[in-house]
Amino acid sequence: MFMRIDHIGIACHDLEEKISLFSSTFDLTVVAREVNEEQGVKEAMLHVADGEGGGSYIQLLEPLSPDSPVGRFLAKRGEGVHHVAFGVPDVERAMAEIGGKGVRLLDERPRHGSMGSQIAFLHPKDVGGMLTELVQAPTP
Ligand code: V0V
Ligand code: CO
């Protein structure tokens with residue numbers, strides 16, 4: 001069902017500092033930046049590669065407040081990998097299929113994600129401790 005890995009989300013305290021680190025260490029370029037109030041993050045997408053169905057990225061995430069998913073994660077666990085996002089052709093279909101297997105969906109319907117995508121999260125406790133995001137890229 002999964003076409004590809006769309007992005008790996010990294011939680012950080014200082015977005016600008018980590019953009020510099022990732023771009024200089026891996027020679028990656030920032031292709032999008034956004035403040036997503038609903039998700040409580042300021043984020044940047046760094047392009048890694050292009051593939052069938054869409055690109056793959058590192059997503060750097062700074063919390064807008066301590067009382068947000070990424071804010072709580074930083075307080076508990078510190079900086080590092082926060083989630084893995086799979087690119088799917090149809091996010092609602094993927095939610096129905098995966099939800100039907102007993103995995104808890106954290107969203108009842110798709111939400112707005114980076115670069116015009118539609119996203120939904122799965123509970124990490126039902127996926128081996130990995131917070132999982134489903135991403136449907138916008139139709140060109
Ligand atoms: C929390 N837990 C995690 C986790 N965050 N496990 C693995 N990876 C993570 N990132 C564990 C945590 O250690 C607890 O386990 C348990 O889940 C409950 O967490 P909590 O401390 O009570 O924290 P909460 O209240 O923040 O809830 C956790 C969930 C929440 C996952 C339910 O963070 C959530 O709804 N996340 C989905 C939305 C999100 O993350 N948005 C930011 C990215 P123990 O300690 O009890 O064993 S936005 C994004 O990616 C965008 C916009 C995009 O891609 O376009
Ligand atoms: Co993400």
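The largest share of the shell around ligand 1 comes from α2, with 5 residues. This is a predicted model, in which local features need pLDDT of at least 70, side-chain atom pairs count only at pLDDT 80 or more, and totals for chains, interfaces and linings use all residues. Residues are numbered from 1 along each chain as its sequence is written, and chains are lettered from A and ligands numbered from 1 in the order in which they are written.

The shell around ligand 1 holds 26 residues, of which Pro69, Gly113, Ser114, Pro124 and Leu131 come nearest; a residue is near if its C-beta atom, placed from the backbone, lies within 6 Å of the molecule. Two or more residues each are given by β3 (41-51), β4 (54-63), α2 (69-77), β5 (80-87) and β7 (118-122). Helices (H or I, at least four residues) and strands (E, at least two) are DSSP runs, numbered from the N terminus. By class, 11 shell residues are nonpolar (Ala, Val, Leu, Ile, Met, Phe, Trp, Tyr, Cys, Pro), 5 are charged (Asp, Glu, Lys, Arg) and 10 are polar (the others, Gly among them).

β5 also takes part in strand pairing, which requires that DSSP finds at least two bridges between two strands.

| Pair | Sense | Bridges | Partners |
|---|---|---|---|
| β1 (residues 4-11) and β5 | antiparallel | 7 bridges | isoleucine 10 and valine 81 |

Valine 31 lies in strand β2 (residues 29-36). The C-alpha atoms of valine 31 and glutamate 108 are separated by 29 Å, and the two residues are 77 apart along the chain.
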